[in-house]
Amino acid sequence: MTKKWVYLFHEGRADMRMLLGGKGANLAEMTNIGLPVPPGFTITTEVCREYQKTKQLDPEVIEQVNAALTALEQQTGKKFGDPRNPLLVSVRSGAPISMPGMMDTVLNLGLNDETVVAMAELTGNERFAWDSYRRFIQMFSNVVLGIELHNFEAILEAHKKRNGFTQDIELQAEHFKAIVPEYKAVVEKHTGKPFPMDPREQLMAAIRAVFESWDNPRAQVYRKINKISDDLGTAVNVQAMAFGNMGDDSATGVCFTRNPNSGAKEFYGEYLPNAQGEDVVAGIRTPYPIAHLKETMPEVYQQLFDLCELLESHYKDMQDIEFTVERGKLYMLQCRAGKRTPIASIKIAVDLVKEGKISKEQAVLRVDPEQINNILHPAIDPKAKLDILAKGLAASPGAATGMCVFDPDRAAKLAGEGHKVILVRPETSPDDIHGMVVAQGILTSRGGMTSHAAIVSRGMGKPCVVGCEAIKVDLEAREFRVNGRVVKEGEVISIDGATGNVIYGEVPVVDPELSPEFRTLLSWADEIRTMGVRANADTPIDAAKAREFGAEGIGLCRTEHMFGQGGHHPERMAVAREMILAETTEERMVALEKLQEMQRQDFYEIFKAMNPFPVTIRLLDPPLHEFLPDAEDLAIEVAIIRERGETGSELQEKEALLKKVRALAEMNPMLGFRGCRLGMIYPEIYEMQVRAIFEAAAQCNKEGMVVEPEIMHPLVSIVTEFSFLREMTDRIAREVMEKHGVTFKYMVGTMIEVPRAAVTADEIAEHAQFFSFGTNDLTQTTFGFSRDDAEGKFLAQYVEQKVLPENPFVTIDRKGVGKMVEIACELGRKVRPDIKLGVCGEHGGDPSSIEFFQSCGLTYVSCSPYRVPVARLAAAQAAARAKGERATSSTV
C-alpha cells in the first residue's frame with residue numbers, strides 16, 4: 001500500500017500535529033468543526049525529514065500533491081494556471097511546535113502574466129490583481145530564489161517618491177504595472193533566468209523552499225533557544241488564497257481571545273483594511289485595533305468574535321487567530337495557542353480553572369517554569385525621574401537598559417563582549433533573531449502588538465516597545481532622532497515594556513509585586529508536587545528572600561562565603577589568611593577562635609531567618625589558595641619593592657606570603673587539597689565550624705526557635721573519611737548540648753560529587769543520614785571536564801555539532817551523570833531506607849533536570865532564591881506528568 005504523504009484538510013485532526021504540524025492539524029480541526037476555512041492540503045513532516053536527506057521530492061509525493069491539487073480545484077471551482085478562472089494558493093510552513101516567523105511563506109502563488117489579467121477581469125479590480133502580482137514576485141524571489149528584499153523595496157520606494165506618495169496603499173494599478181517588469185528584471189539579473197511563469201513549477205519550487213527553510217539560520221537559532229528538536233521537520237500547507245487586499249470591504253488581521261500581555265479576558269488584536277497578512281506581521285503599516293472593525297464591518301466583527309469564543313472553548317486555551325476578510329466574507333486562516341507574556345500566561349491558566357475549563361494540574365502544566373523566572377526580576381521604580389524620549393506600544397512587559405544598537409550582528413558581537421544592549425530597528429524580521437536573543441530589550445519605530453518584534457519578545461519574556469513612530473531610525477548613520485534630539489549608537493537608553501516609554505539613560509528599578517494569580521498558581525503547584533524545594537543561601541538576606549519565594553529550607557549554605565571568599569568581608573578574609581599562614585597548631589587556633597565567633601553569629605542569623613525549616617551547611621570546600629592573593633600578582637609586587645631598593649618589613653611579609661602561596665599551589669586544585677580532605681588533615685578547621693553551628697543551634701533552642709542543622713561534609717570519596725568526620729561531629733554535638741543543657745536535632749551527611757562516592761554509596765550510607773548531590777562537581781568528575789575550560793574552549797561547539805544534546809552543566813546528562821545519581825540513590829536506600837536525598841547543584845533549578853530528579857525519587861531540590869518559584873512549578877509538573885504516566889500505564 002502506498003504511504004500517505006499528503007492530507008486534504010478534512011482528512012486531518014487536531015491530534016495529528018506531529019505528522020501535520022501545528023498549523024496543518026489546526027486547519028484540519030477548524031475545517032471539521034465547520035469554520036469558514038479556505039480549503040487546502042498538508043504535506044507531512046515525514047516528507048520534510050526525507051527531503052533533508054536527499055534534497056529531492058519523491059515522485060510519489062509529487063503525484064499525491066497533484067492529486068490533492070485536483071481535489072482543491074474541484075472544491076473551489078477554479079483551475080490552477082487557468083487563464084480564465086485561476087486558482088491561487090498560499091504555501092506556508094507549519095512545524096509540530098510553533099515557531100512563528102522562523103520559516104518561509106509564499107502568497108499569491110499561481111500568478112503570471114496571463115492569470116493576473118484574468119484576476120483583474122474576474123474581480124473587476126485591476127489594482128488588486130497587479131498589487132498581488134508584484135507581491136508574489138517579491139516574495140517568491142526572496143523565499144525561493146534567494147534575492148534580497150531590498151532590491152525590490154528600492155524600486156517600490158522610488159515609485160512612491162516619484163509620485164509623491166508615502167504609503168504603499170496610494171499606489172494604483174498603473175504604478176504596479178510599471179513596477180512588475182522592473183521586478184522581473186531584478187530576477188533575471190540575479191539568476192540569469194526569467195521569472196518562472198508555469199504555476200506548477202512555482203508550486204514545486206515553493207514547497208522545496210519551505211522544506212529548505214527548516215534549516216535556515218533563524219530557525220536553527222530559534223530551536224536552540226527553545227530546545228526544539230532539529231529532527232521534527234516542518235509540514236507544508238497549500239491553501240486556496242483569500243484576499244484581504246481587494247478594497248475597503250476587505251481586510252486582514254490577527255486576534256487573540258484574551259489579552260496576550262495582561263491575560264485579561266478581552267477580545268484583542270489588530271487588522272489592516274485592504275492588505276495582506278504580511279503587512280500586519282511585518283509592521284510595514286501600523287494597524288487598527290480590532291475594536292475598530294466593529295465600526296467598519298459590524299457583521300464580520302460579530303462573526304469573528306463568536307468564532308474566536310468557539311475556538312477557545314474547543315481548545316480550552318487562549319487562541320491566536322489569523323483571519324482575512326474578502327469582500328465582506330470572513331475566512332479563518334490559522335489558529336494556535338497564542339504566545340503570551342509570563343504574567344498573562346499565569347493569569348490565563350488560573351482564570352481557565354476558575355471558569356471550569358481546565359483542572360489545576362492542567363493549569364500548572366500550561367505555564368513554562370522559565371517564564372516564571374522572567375517576572376521575578378526588577379521593574380522601573382515608579383518614583384524615579386525619567387527622561388522620557390518617546391512612547392510606543394507596550395508589547396512585552398519588563399524594564400531593560402543597555403547600549404542603543406541598530407544592527408543584530410553588532411548586537412550579538414557587543415553582547416558577546418559583555419555589554420548590555422537594546423536592539424533598535426524600524427521593525428524586526430526573523431533574520432534579526434540572533435540579535436534579539438542577546439538584547440536586553442527590543443525597540444521598533446513601526447509595527448503593532450502582533451508584529452514580529454512583539455510576538456517573539458513575548459515568547460522570550462523580553463521587554464519590548466513597538467510602533468514608536470516618534471523616533472526616526474537611521475540605520476546607516478546608526479542613530480535615531482526624536483523631538484529634535486539625536487541618540488547615537490552606544491548611548492544608553494532604557495525601555496519600559498509595561499508602559500511603552502522609551503527613556504534616555506539608565507533607570508532605577510524596584511522588585512516586582514507578585515500578582516494574586518501568581519501566588520494561586522504556586523499554591524496549586526505546592527499541592528501537586530511531591531519533592532520539597534529548598535534554596536542555596538549563604539546570608540540572612542538570601543534566606544529571607546528564599547522564604548519569600550516559598551523555600552522550605554536551605555539545601556546549601558556555603559561557609560566559604562562567610563570566610564570572605566569572593567571579596568566580601570575583607571576583615572574576615574584577613575583572619576582566614578591568618579589561619580592559613582599559621583606555622584603551628586597554636587597559631588592556627590588563635591585565628592580559628594576569631595572565625596568561630598564570626599561563624600556562630602552567621603549561623604544564628606540564618607537559623608533565625610529560616611526558622612522552623614532545616615538548614616544544610618556545607619563545611620569549608622574550596623582549596624586554601626583561593627583565600628590568598630594571586631601568586632603572579634604577588635611576585636610582581638615583590639619585584640617592584642626590590643626594584644625600589646626597599647628591604648623593610650613590607651618586603652619580608654610579601655616574600656613570606658608569596659612562599660606560602662607557592663607552597664599551596666596545585667596542578668589541579670579542583671581535584672586537590674580541598675573539601676573533607678582539609679578536615680582530615682586540619683581537623684581543627686572543621687571542628688571550629690561544627691562547634692559554631694551547634695553553638696548557634698543551642699542559642700536558638702534557648703530562645704524557643706525550631707532548629708534542625710544538617711551538617712554536610714563535602715567531597716567525600718572514601719567511607720573512612722566520612723566515618724572519621726561523623727564521629728567528630730557527634731562528639732562536638734554532645735559537648736555543646738552538655739555545656740548549654742539543651743538538646744536539638746541535627747543530621748550529618750555528605751555531598752555526592754565524585755563517581756567513587758556514587759558507586760560506594762551503600763558503604764557511606766552506613767554512616768550518612770543524607771546525601772546531597774553536588775551535580776556541578778559530579779558533572780566535572782564524571783565527564784573529566786574542567787567546567788571553566790570546557791565552557792570557554794569547546795562545550796558550545798560540542799552542543800552545536802550535536803556531540804552533546806545540551807550543556808551538561810545547565811541540564812543534567814541523564815545517561816552519564818544521571819546514572820551516577822540513580823546508582824547512589826539505589827545503593828543508599830538499600831542500606832538506609834529513610835535516607836534523605838537532595839540536589840544542590842545548579843541543576844536543582846533547571847526544569848528538565850528536576851523532572852529527572854522526580855523520577856529518581858529525590859526528597860528535595862535546592863536552587864538559588866530567585867529560582868525557587870521556578871523549581872516549585874517544575875516539581876509540580878514533574879509530579880503531574882509522572883502521575884499521568886502511571887495512570888496511562890495502568891490502563892494499558
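Is Thr45 buried or exposed, and what is its relative accessible area? Thr45 is buried, at a relative accessible area of 0%; buried means under 20% relative accessible area, exposed over 50% and partly exposed in between, with a 1.4 Å probe and protein chains only. The structure is a predicted model, in which local features need pLDDT of at least 70, side-chain atom pairs count only at pLDDT 80 or more, and totals for chains, interfaces and linings use all residues. Residues are numbered from 1 along each chain as its sequence is written, and side-chain values use heavy atoms, with hydrogens and water left out.

**Figure 1. The whole protein.** The protein holds 36 helices and 33 strands, which are DSSP runs numbered from the N terminus (helices: H or I, at least four residues; strands: E, at least two). Along the principal axes, the C-alpha atoms fill a box of roughly 105 × 75 × 50 Å. Of the 892 residues, 56% count as buried.

Figure 2. Thr45 lies in helix H2, which spans residues 45-54. Neighbours within four places in sequence left aside, Thr45 is in contact (heavy atoms within 4.5 Å) with Met18, Leu19, Gly21, Pro96, Leu232, Gly233, Thr234 and Ala235.

**Figure 3. Pro540 in helix H20.** Pro540 belongs to helix H20, residues 540-548. In contrast to the buried Thr45, Pro540 is partly exposed, with a relative accessible area of 34%. Residues up to four places away in sequence not counted, Pro540 touches Glu605, Ile606 and Ala609. The C-alpha atom of Pro540 is separated by 8.2 Å from that of Lys608, and the two residues are 68 residues apart along the chain.

Figure 4. A disulfide is a covalent bond between the sulfur atoms of two cysteines. With a disulfide taken as a pair of cysteine sulfur atoms within 2.5 Å, a search of the whole structure finds 0. Cys840 is in no disulfide, and the nearest cysteine sulfur, that of Cys863, is 11 Å away. Cys840 counts as buried, at 3% relative accessibility. Cys48 is also buried, with a relative accessible area of 0%.
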